[in-house]
Amino acid sequence: SPAAQTAERIQQVESASTSKSPDVQKALGQLLDNKADDAYATLTKVAAERRAANDNEAAVTELWRAAAFVSVSNPKKAADAYEQVLALKPASYTAHLGLAYYNLATGNGAKAMTHAESAQRYASTDIEAAYARTALALVSLRRGQVDRALTLVRESVKQFRTLRDTAPEDELANRSLGEALQLLGDVQATSGDLAGARLNYQQAYDIRAELARKRPDSGDIQREHYHAALGLASTLAGWGDVSNALAYASHAETLSAALAAANPARDDILREALICRNEHGRLLQQSGDLRGALQRYEKSMAEFRTLAERHAGVLQPAIDLKNAYLLLSEARERAGDLDSALMDARRALEIAEQSHARAPSDTIILADEINARRWLAGIEMRAGNLDTAARLCEAALASAQDRSADIIGRECTIAVLHQVRAAVRTQAGD
């Protein structure tokens with residue numbers, strides 16, 4: 001049941017179950033029957049009634065429940081509920097935190113930053129402040145502020161470690177620490193600190209694997225388990241430990257596929273299963289198993305397209321599709337199918353440009369666009385389309401050299417683009 005899939009929704013179900021309100025009990029029943037939108041409508045109706053009776057505190061409670069009930073199935077409705085909460089209670093930590101994540105997902109980095117900073121400002125406990133810092137670190141990372149993200153997430157790790165040390169067996173304390181360590185690994189991997197990333201991914205994995213062993217019934221904990229396995233796999237591959245990387249990636253693919261099969265209505269879990277499958281494929285390709293990689297990429301592609309179409313208002317499914325096209329393009333070129341590789345690379349760049357247009361302040365998306373343009377330039381060159389390749393190189397260089405954007409790994413990107421441009425000019429006889 002979707003009601004048992006996220007920690008926030010579990011908490012809200014438990015809260016709702018203690019209410020004597022017939023409408024709240026009705027909404028709870030609707031949620032447990034997988035009718036989250038009906039539950040949302042019921043609770044927002046109750047909130048409107050409470051508001052009309054000048055009981056704003058009760059209205060905020062019902063709106064908060066409504067947002068939690070649809071947080072997975074309909075993030076836009078959850079965001080609408082949080083906006084209504086802020087109209088009644090501008091200093092709501094929970095609403096600001098929810099809107100920070102929603103705006104980050106939909107490409108509005110500036111609003112995400114504002115809400116994350118507000119959540120930090122209105123946090124009433126050290127733990128709330130740590131959650132707000134974690135959100136702020138993620139937003140900062142997406143906006144290219146790596147040093148700030150690193151400082152923030154290290155503070156969160158410190159706070160959550162203290163919480164866990166105080167209550168070593170507490171599930172929430174361990175999950176919170178695991179989440180913060182995973183994000184710290186992400187930030188370190190982005191900054192090029194693979195040693196630090198490996199250490200923190202391993203710690204996150206150990207915590208999450210133990211939780212998964214204890215709670216095989218929790219979908220959320222199983223998801224956190226395979227997220228940790230995937231992060232560790234990528235870092236181990238970066239260190240050259242391909243054998244262990246493949247073992248962790250295979251584990252992530254198996255776990256995520258099983259959870260997706262058990263939750264066929266959950267697009268968020270399907271998305272994660274597809275990402276795990278393709279990451280395993282990427283590592284197989286790196287190890288020389290091109291056939292195994294292609295099988296995974298081709299199997300995933302139709303579902304990636306479906307998710308991007310079904311969730312056109314959210315950026316991440318489009319980014320996932322772009323990434324899938326790039327992986328498939330590289331594998332098909334290696335397999336000798338240059339025409340198909342060229343079509344895939346062109347489609348990847350088209351999606352990357354659209355994503356950047358929707359989220360111009362997101363420096364990771366900008367870097368993705370530059371990378372997609374660089375990859376396409378190389379394939380166009382190898383296909384003999386030298387003028388097109390040259391134009392793509394110049395456009396990518398112009399974006400990378402624009403100092404108004406805080407691009408992660410700028411100098412390395414520029415160096416690679418100069419190499420591609422030199423190769424194009426050499427082949428053209430310039």
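Modeller: His251 is partly exposed, with a relative accessible area of 29%; here buried means under 20% relative accessible area, exposed over 50%, and partly exposed in between, using a 1.4 Å probe and protein chains only. Before we go on: this is a predicted model, where local features need pLDDT of at least 70 and side-chain atom pairs count only at pLDDT 80 or more, while totals for chains, interfaces and linings use all residues. Residues are numbered from 1 along each chain as its sequence is written, and side-chain values use heavy atoms, with hydrogens and water left out.

Biologist: OK, which helix does His251 lie in?

Modeller: His251 is part of helix H13, residues 242-262. Helices are DSSP runs of H or I with at least four residues, numbered from the N terminus.

Biologist: And what does His251 touch?

Modeller: Not counting residues up to four places away in sequence, His251 touches Tyr205, His225 and Ala229. Contact means heavy atoms within 4.5 Å.

Biologist: What separation is there between the C-alpha atoms of His251 and Cys276?

Modeller: They are separated by 9.2 Å, and the two residues are 25 residues apart along the chain. Cys276 is buried, at 1% relative accessible area.

Biologist: While we're on cysteines, how many disulfides are there?

Modeller: The count comes to zero, taking a disulfide as a pair of cysteine sulfur atoms within 2.5 Å. Cys393 also counts as buried, because its relative accessibility is 1%.

Biologist: Switching topic: is His96 buried or exposed?

Modeller: Buried, at 7% relative accessibility. His96 lies in helix H6, residues 93-105. Leaving aside neighbours within four places in sequence, its contacts include His115, Ser118 and Tyr122.

Biologist: And Asn200, buried or exposed?

Modeller: Asn200 is buried, with a relative accessible area of 7%. It sits in helix H11, residues 194-214. Beyond neighbours within four places in sequence, Asn200 is in contact with Leu181, Leu184, Gly185 and Gln188.

Biologist: Now the helices. How many residues has H20, and how far does it reach?

Modeller: H20 (410-428) has 19 residues and reaches 27 Å from its first C-alpha to its last, close to the 27 Å expected at 1.5 Å a residue. That expected span is 1.5 Å times one less than the number of residues.

Biologist: Which residues of H20 are buried?

Modeller: Arg410, Ile414, Leu417, Val420, Arg421 and Val424. They are on the same side of H20, because they cover an arc of only 125 degrees around the axis, the arc being that of the directions from the helix axis to the C-beta atoms.

Biologist: What about the face turned away from that buried side of H20?

Modeller: That face carries the exposed residues Cys412, Gln419 and Thr426. On the buried side, the cover includes helix H18 (363-382) and helix H19 (386-401). After H20 comes Gly429, with a positive phi near 85 degrees.

Biologist: Last one: how many residues are in the largest nonpolar core?

Modeller: It has 35 residues, and among those with the most contacts inside it are Tyr297, Tyr325 and Val424. A nonpolar core is a set of buried Ala, Val, Leu, Ile, Met, Phe, Trp, Tyr and Cys residues joined through side-chain atoms within 4.5 Å.

Biologist: Which helix gives the most to this core?

Modeller: H16 does, with eight residues.

Terms used:
Helices (H or I, at least four residues) and strands (E, at least two) are DSSP runs, numbered from the N terminus.
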